[in-house]
Amino acid sequence: MNKIPPLDLTKQYKQISTEVEASVLDILRSGRYIGGATVAQFEQEFADYIGTTHGIGCNSGTDALYLALRALNIGEGDEVITTPFTFIATTEIVVRTGATPVLVDIDESFNFDLDRVKAAITPKTKAILPVHLFGHPVNMTQLMEIAQAHNLYVIEDCAQATGAEWAGQKVGCIGHVGCFSFFPTKNLGACGDGGAMVTNDPAIAKTLRVLKEHGMTSRYHHEETGINSRLDALQAAILSIKLRHLDTWNQGRAQVAERYEQLLSMVPGIQLPAQSLEGKEVWNQYTIRINNGGQPGATVRDRVRNQLQERGISSMVYYPIPLHLQPVYKTLGYRPGQLPHAERAADEVLSLPMYPELSLEEQQQIAYGLKDSLSLREKVAS
Ligand SMILES: Cc1ncc(COP(=O)(O)O)c(C=O)c1O
């Protein structure tokens, strides 16, 4: 029986290795490793792809979010509404600016619930930070209406959603700033760290560029405390090549998701991920829920996960502890039971292997393993 990893980047690399290796060699021979035409070209290509006028590369998705908040003057005394069900980078950067993350519970899509977002707005709220988790777009029409009614900034965390759409627009071009990660596991992944910010506002774009380069407005003239956050030329060259394949790879992911749906839709004890009606998801993760039979805790999910692992099938738990219950956020004052949907999701979620090259046979093996683990030993229909 084949071992199935949660993600296999070697298969993707094989498709583009000749082009990537030639391009990397060009950069190595050029002696131009930081900035320059290669980075500028990728920034423009990426902005064009997302549908914004400005694209600014940086070191990571984390930096992209931090810089976006700084560019919008968010800091001490401000509140930023976001989700407790995300990677910690989303809230980490809010705290880093001196602002306070306000966490609201999620809905069936795993994204934050917009009624709860509305209810959490106070006079201190300065921004809303939606996360298009697992590649599933937040309802940006409603979110922008809420933000506009209260004069709030919207910073989109698109780390897991490069290429996803809401109502015909790519996520990242709808809020004031869209922030992307090019961490290798993302839909558009570099061969190392990388990130980008996109915006249609020239003033915000200018500030982002200043802040990411030590707050420097002209050579060695610094008006603000910035950071050093660069997308290097090697990564930009690789990303330019990969960007041309992104839509095809995202279609591949959609096909894998469709096959999971066919294989798993009738399995009792499993809830499949929500599908967006007005949006288009890009399936950075395919995350099912394993029903714990109304019991608190993750016993059933963890048993299923271990049994899959025994068959050589790796799965992941994104995320086992919602952020409001993380020790680091004790001082924010949340208690267990306060955000019950996020807490239940943390006990039930299981992300199955997801990458465009995953074969039907491998998916059948995964479905069979799941059914077997849930004591449904009938043969998986092919
Ligand atoms: C939702 C989310 N936000 C932000 C980040 C941070 O991105 P990076 O790892 O590039 O700093 C990640 C990456 O894992 C993420 O998944």
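The structure holds zero disulfides, a disulfide being a pair of cysteine sulfur atoms within 2.5 Å. This is a predicted model, where local features need pLDDT of at least 70 and side-chain atom pairs count only at pLDDT 80 or more, while totals for chains, interfaces and linings use all residues. Residues are numbered from 1 along each chain as its sequence is written, and side-chain values use heavy atoms, leaving out hydrogens and water.

**Cysteines**

- Cys191 comes out partly exposed at 46% relative accessibility (buried is under 20% relative accessible area, exposed over 50%, partly exposed in between, with a 1.4 Å probe and protein chains only).
- Cys179 counts as buried, at 2% relative accessibility.
- For the sulfur of Cys179, the closest cysteine sulfur sits in Cys158, 7.0 Å away and too far for a bond.

**Surface patch**

- Leu25, Leu28, Tyr33 and Ile34 make a nonpolar surface patch of about 360 Å².
- Tyr33 is in the loop between helix H1 (9–30) and helix H2 (36–50); helices are DSSP runs of H or I, at least four residues, numbered from the N terminus.
- With a relative accessible area of 43%, Tyr33 is partly exposed.

**Asn2**

- Asn2 belongs to the segment before H1.
- Leaving aside neighbours within four places in sequence, Asn2 is in contact (heavy atoms within 4.5 Å) with Arg311, Gly312 and Gln365.
- Asn2 and Gln365 are 363 residues apart in sequence, yet 8.7 Å apart in space, C-alpha to C-alpha.

Definitions and conventions
Patches are made of residues with over 30% relative accessible area and no salt bridge: like charges are joined within 9 Å, nonpolar side chains (Val, Leu, Ile, Met, Phe, Trp, Tyr) within 5 Å. Accessible areas come from the Shrake-Rupley method with a 1.4 Å probe; for residues, only the protein chains shown count as cover. A salt bridge is a side-chain nitrogen of Lys or Arg within 4 Å of a carboxyl oxygen of Asp or Glu. Helices (H or I, at least four residues) and strands (E, at least two) are DSSP runs, numbered from the N terminus.
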